[in-house]
Amino acid sequence: MTGVRPLHLAAELAPAPPDGGSRTVAGTVALARLAEDAGLDFLTHDDSFARPGLDALAVLARIAPETRSVGLVPTVTTTHTEPFHVQAAVATLDWVSRGRAGWRIAVSPGAAEARLFGRRPAPPTAALWQEAGETAEVSRRLWDSWEDDAEIRDVATGRFVDRRKLHHVDFEGSAFSVKGPSIVPRPPQGNPVVVVDATRPAARETAARHADVALIRASSPEEAAGLRAELHRAARAHGRDPGLLRVLLTLSADLDAHPGGPAALAGLAADWHGGGAVDGLHFVPAVPGRDLPRFAAEVAGALRARGLFRTAYEGTTLRDRLGLPRPASQYAPKGADA
């Protein structure tokens, strides 16, 4: 694959509503291992305050010790939650997975979900996405609030940390403020990978400003290419290198009912990626227990046979899989190594 723009593959792990919550932990772990054996970049696990189910962060924290290489990306709702606690939980997942964590930022605009918490009415969607962006920003600052070498762990002196290398972030947002520093040491990746579903226009500004991976839905390669170009332009306007923003097509499919099945899906991924419309595919199976193994074996396998998909993992972290650098702490002395 030398000299070829890498194609990235990811898949959704959570059961669709008809699947209920019946899948066992062992079954979920088995699916994650199948995806890992196929070389997938990462697995997402959806979550929402609007429906019952297991907490996505907790599920993937349970899966982390049972896997070695595949990235783990839970949906984390930034509405009605405390940003300080959110970042600590994501950082902990990065430690538990040894640098394979990401988080898919989501908002909760429904009045019913707001009533569950009773703290405030649901703000307008645009305000929720502004708050989500502020949560992403303060999370990055809190992850950076420990310099990489802040931990001393000196048993003889009883000193665990060099306090000179911990930093207050003093963040003031539109709906919250955070002083910091974090209570969790800097994650292995420095900053865990940020994923945003940028299909809806309200989320695109947050994706362009903060996401490492943007998910889109499109009905044609031309539409996808237009969305990718829009996100890249907006990222550049925010002073970011658009070449470090990965754009993946989210595609929901029932592989038993899809015209052409896995072969057609592999062809679509190859064509849209080859034409520059997207950087890869995020597959949402109709029934994970049935469709995810076929996607891992047949779609990823077909793309590998074409020389478009990895034959083995390179590096150790999710950032390595995505070709993203590990950022230096913004509070570290200038010139310090990341």
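**Buried, bridged and barrelled: reading a predicted model**

Student: Why does Glu82 count as partly exposed?

Tutor: Glu82 has 37% relative accessibility. Buried means under 20% relative accessible area, exposed over 50%, and partly exposed in between (1.4 Å probe, protein chains only). The 37% falls in between, so Glu82 counts as partly exposed. By the way, this is a predicted model: local features need pLDDT of at least 70 and side-chain atom pairs count only at pLDDT 80 or more, while totals for chains, interfaces and linings use all residues. Residues are numbered from 1 along each chain as its sequence is written, and side-chain values use heavy atoms, with hydrogens and water left out.

Student: What makes Glu82 and Arg119 a salt bridge?

Tutor: The rule asks for a side-chain nitrogen of Lys or Arg within 4 Å of a carboxyl oxygen of Asp or Glu. Here the closest N and O atoms are 3.2 Å apart, so the pair passes. It's one of 25 salt bridges in the structure.

Student: And why does Arg119 count as exposed?

Tutor: Its relative accessibility is 51%, which is over the cut-off for exposed.

Student: Why do you say that this pair ties parts together?

Tutor: Glu82 lies in the loop between strand E3 (71–77) and helix H3 (83–96), and Arg119 in the loop between helix H4 (111–117) and helix H5 (125–144), so the linked parts are 37 residues apart in sequence. Those helices (H or I, at least four residues) and strands (E, at least two) are DSSP runs numbered from the N terminus.

Student: What joins Asp256 to Arg294?

Tutor: Their side chains meet in a salt bridge at 2.9 Å, N to O. The two are 38 residues apart, with Asp256 in the loop between E11 and helix H8 (261–274) and Arg294 in helix H9. Salt bridges that share partners put both into one network with Asp254, Arg290, Asp291 and Glu298. Arg294 counts as partly exposed at 25%.

Student: Why is Asp41 called buried?

Tutor: Its relative accessible area is 0%, so Asp41 is under the buried limit. Asp41 sits in the loop between helix H1 (25–37) and strand E2 (42–45). Leaving aside neighbours within four places in sequence, its contacts (heavy atoms within 4.5 Å) include His8, Phe309, Arg310 and Arg321.

Student: How do you know that the strands close into a barrel?

Tutor: Follow the order: E1-E2-E3-E4-E9-E10-E11-E12, eight strands with parallel pairing that closes up. Two strands pair if DSSP finds at least two bridges between them. Four bridges join E10 (residues 213–216) to E11 (residues 246–253), and six join E11 to E12 (residues 280–285), so both pairs qualify. Leu215 stands opposite Leu248 in E11, and in E12 the bridge partner of Leu248 is Gly280.

Student: What makes the crossover from E10 to E11 right-handed?

Tutor: The chain goes from E10 through H7 to E11, a β-α-β crossover. The label right-handed applies if, with the strands pointing away from the viewer, the path from the first strand over the helix to the second runs clockwise. This crossover is right-handed, so its path runs clockwise in that view.

Student: How do you know that E11 is mostly covered?

Tutor: Six of its eight residues are buried.
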